[in-house]
Amino acid sequence: MARTPTSEGASLNLDDDSPVFVISVAAQLAGMHPQTLRQYDRIGLVSPGRTRGRGRRYSARDVAMLREVQRLSQDEGVSLAGIKRILELDNQVTALRGRVRELEAELQRARTAAGLVPRVFAAGPGGDVVSVTPGRRPSRSAFGTETALVVWRPRP
């Protein structure tokens with residue numbers, strides 16, 4: 001998030017989603033003609049924010065998306081319909097990844113509340129198996145010998 005000073009000395013909190021660029025500036029930043037941005041808005045490729053007077057305001061994220069649309073179109077030869085589908089799928093993947101993170105956190109909270117903590121086991125040379133705390137080595141006295149094998153599985 002960037003802090004931008006204003007004329008009164010206060011500062012504005014601007015992030016990548018703050019709609020701040022008028023269409024001419026966004027077009028220049030994206031290397032496109034303003035009419036191209038209007039068409040992309042009409043077909044739903046990049047939908048900028050609007051002012052009360054219905055003027056378009058583009059964010060830094062919108063400009064990055066415009067550049068990606070241009071790259072896919074010019075460098076990869078993808079049609080506008082294909083680009084729209086790619087962007088929809090990309091948004092869906094982003095949403096699903098966020099949901100997975102939420103579910104993983106919820107599962108961890110449920111496991112902790114139920115007292116189910118990850119268990120790690122170590123096996124000694126004689127076949128003895130003991131439970132050890134994750135991230136810790138078993139004590140040498142746990143097996144009565146000086147060597148042990150620790151099985152470790154990283155968390156996904």
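Colleague: What share of the contacts in the protein chain with a separation of 6 or more comes from residues 24 or more positions apart?

Modeller: That share is 39%. Please keep in mind that this is a predicted model.

Colleague: Good to know. How many helices and strands are there in the protein chain?

Modeller: There are 4 helices and 7 strands. Reading from the N terminus, the order is β-β-α-α-β-β-α-α-β-β-β.

Colleague: And what percentage of the residues in the protein chain is buried?

Modeller: Buried residues come to 19% of the 156 residues in the protein chain.

Colleague: Let's talk helices. At what angle do α1 and α2 pack?

Modeller: The angle between α1 and α2 is about 100°, and their axes are 8 Å apart. That makes the two helices, α1 and α2, roughly perpendicular. For orientation, α2 covers residues 34–43.

Colleague: Which residues meet there, between α1 and α2?

Modeller: From α1 you have I23, S24, A26 and A27, and they meet P34, L37 and R38 in α2. Sorted by type, the residues of this contact between α1 and α2 are 5 nonpolar, 1 polar and 1 charged.

Colleague: What about α1 and α3, at what angle do they pack?

Modeller: α1 and α3 pack at about 50°, with 9 Å between their axes. That makes α1 oblique to α3. The crossing of α1 and α3 is right-handed.

Colleague: Which residues of α1 and α3 meet?

Modeller: On the α1 side they are A26, L29 and A30, and on the α3 side V63, L66, R67 and Q70. The residues in this contact of α1 with α3 split into 5 nonpolar, 1 polar and 1 charged. A26 is worth a click, as A26 is listed in the contact with α3 and also in the contact with α2.

Colleague: Nice. Then there's α3 with α4: how far apart are their axes?

Modeller: The axes of α3 and α4 are 10 Å apart, and the packing angle is about 130°. The two helices α3 and α4 are therefore oblique to each other. Their crossing is right-handed.

Colleague: And which residues make the contact between α3 and α4?

Modeller: M65, V69, L72 and S73 in α3 meet I83, I86 and L87 in α4. The residues of this contact between α3 and α4 count as 6 nonpolar, 1 polar and no charged.

Colleague: Changing topic: how many salt bridges does the structure hold?

Modeller: It holds 7 salt bridges. One of them joins D17 and R61, where the closest N and O atoms are 2.4 Å apart. D17 sits in the loop between β2 (11–14) and α1 (23–30), while R61 belongs to helix α3 (residues 60–74), so this pair ties together parts that are 44 residues apart in sequence.

Colleague: Are D17 and R61 buried, partly exposed or exposed?

Modeller: D17 is partly exposed, at 44% relative accessibility. R61 is partly exposed too, at 43%.

Colleague: What does R71 pair with?

Modeller: R71 pairs with E76, and the N to O distance in that salt bridge is 3.3 Å. R71 itself is partly exposed, with a relative accessible area of 32%.

Colleague: Which residues are linked in a network of salt bridges?

Modeller: D41, R50 and R56 are the ones linked in that network.

Colleague: Last one. What stands out about the phi of R54?

Modeller: The phi of R54 is near 75°, a positive value in a residue other than glycine. As background, most residues other than glycine have a negative phi.

Colleague: Where does R54 lie, and is R54 buried or exposed?

Modeller: R54 lies in the loop between β3 (49–50) and β4 (56–57). R54 counts as exposed because its relative accessibility is 55%, and the cut-off for exposed is over 50%.

Conventions: Residues are numbered from 1 along each chain as its sequence is written. This is a predicted model: local features need pLDDT of at least 70, side-chain atom pairs count only at pLDDT 80 or more; totals for chains, interfaces and linings use all residues. Side-chain values use heavy atoms; hydrogens and water are left out. Buried means under 20% relative accessible area, exposed over 50%, partly exposed in between (1.4 Å probe, protein chains only). A salt bridge is a side-chain nitrogen of Lys or Arg within 4 Å of a carboxyl oxygen of Asp or Glu. Axes are lines fitted to C-alpha atoms, for helices over the stretch in contact, and angles run from 0 to 180 degrees between N-to-C directions. Angles under 35 degrees count as roughly parallel, over 145 as roughly antiparallel, 65 to 115 as roughly perpendicular and the rest as oblique. A crossing is left-handed if the near helix is turned anticlockwise from the far one by less than a right angle, and right-handed if clockwise. Contact means heavy atoms within 4.5 Å. Ala, Val, Leu, Ile, Met, Phe, Trp, Tyr, Cys and Pro count as nonpolar, Asp, Glu, Lys and Arg as charged, and the others, Gly among them, as polar.
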